[in-house]
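Let's walk through this structure together, from its overall layout down to single side chains. Have the sequence and the 3D view at hand as you read.

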Amino acid sequence: MESSAEAMKTGAVTREFDLAAADYDRMVGANPGYHDHLDTSARRLGAGLGGDGAGLRVVDLGCGTGASTAA
């Protein structure tokens, strides 16, 4: 029996994402301020957490290719 992590790596959704990922990255790259805006948003989120966010976890669902997760 597949684990849930293994199941998420297969199937129609995964195949479609793999097909679109390069276009997604090109679109992100066409916005020169994209990463700066992500960094600003991440700092604002952190400022609102109090206690510098120590011990907290953030789950980024539907994170695309991960650019927003890195911020």
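A residue is called buried when its relative accessible area is under 20%, exposed when it is over 50%, and partly exposed in between, with a 1.4 Å probe and protein chains only. You are looking at a predicted model, in which local features need pLDDT of at least 70, side-chain atom pairs count only at pLDDT 80 or more, and totals for chains, interfaces and linings use all residues. Residues are numbered from 1 along each chain as its sequence is written, and side-chain values use heavy atoms, with hydrogens and water left out.

Start with the overall layout. The protein has four helices and zero strands, so helices here are DSSP runs of H or I with at least four residues, strands are runs of E with at least two, and both are numbered from the N terminus. Read from that end, the order is α-α-α-α. Of the 71 residues, 13% are buried. The exposed surface comes to about 5,800 Å², with 59% of it supplied by carbon and sulfur atoms; such areas come from the Shrake-Rupley method with a 1.4 Å probe, and for residues only the protein chains shown count as cover.

Now turn to helix α2, which covers residues 12-29. Its 18 residues reach 26 Å from first to last C-alpha, close to the 26 Å expected at 1.5 Å a residue; that expected span is 1.5 Å times one less than the number of residues. At A20, α2 bends by about 45°, the bend being the angle between axes fitted to the seven residues ending there and the seven starting there.

Which residues of α2 are buried? They are T14, A21 and V28. These buried residues pack against α1 (4-8) and α3 (34-49), where contact means heavy atoms within 4.5 Å.

D23 forms a salt bridge with R26, and their closest N and O atoms are 2.3 Å apart. The term requires a side-chain nitrogen of Lys or Arg within 4 Å of a carboxyl oxygen of Asp or Glu, and by this rule the count is one. Side chains of opposite charge can pair when their charged atoms come close. Because D23 and R26 are three residues apart in helix α2, about one helical turn separates them. D23 is partly exposed, at 45% relative accessible area, while R26 counts as exposed at 55%.

Finally, look at the surface. L45, L49, L56 and V58 form a nonpolar patch with about 390 Å² of accessible area together. Patches are made of residues with over 30% relative accessible area and no salt bridge, like charges being joined within 9 Å and nonpolar side chains (Val, Leu, Ile, Met, Phe, Trp, Tyr) within 5 Å. L49 lies in helix α3 and is partly exposed, at 40%.
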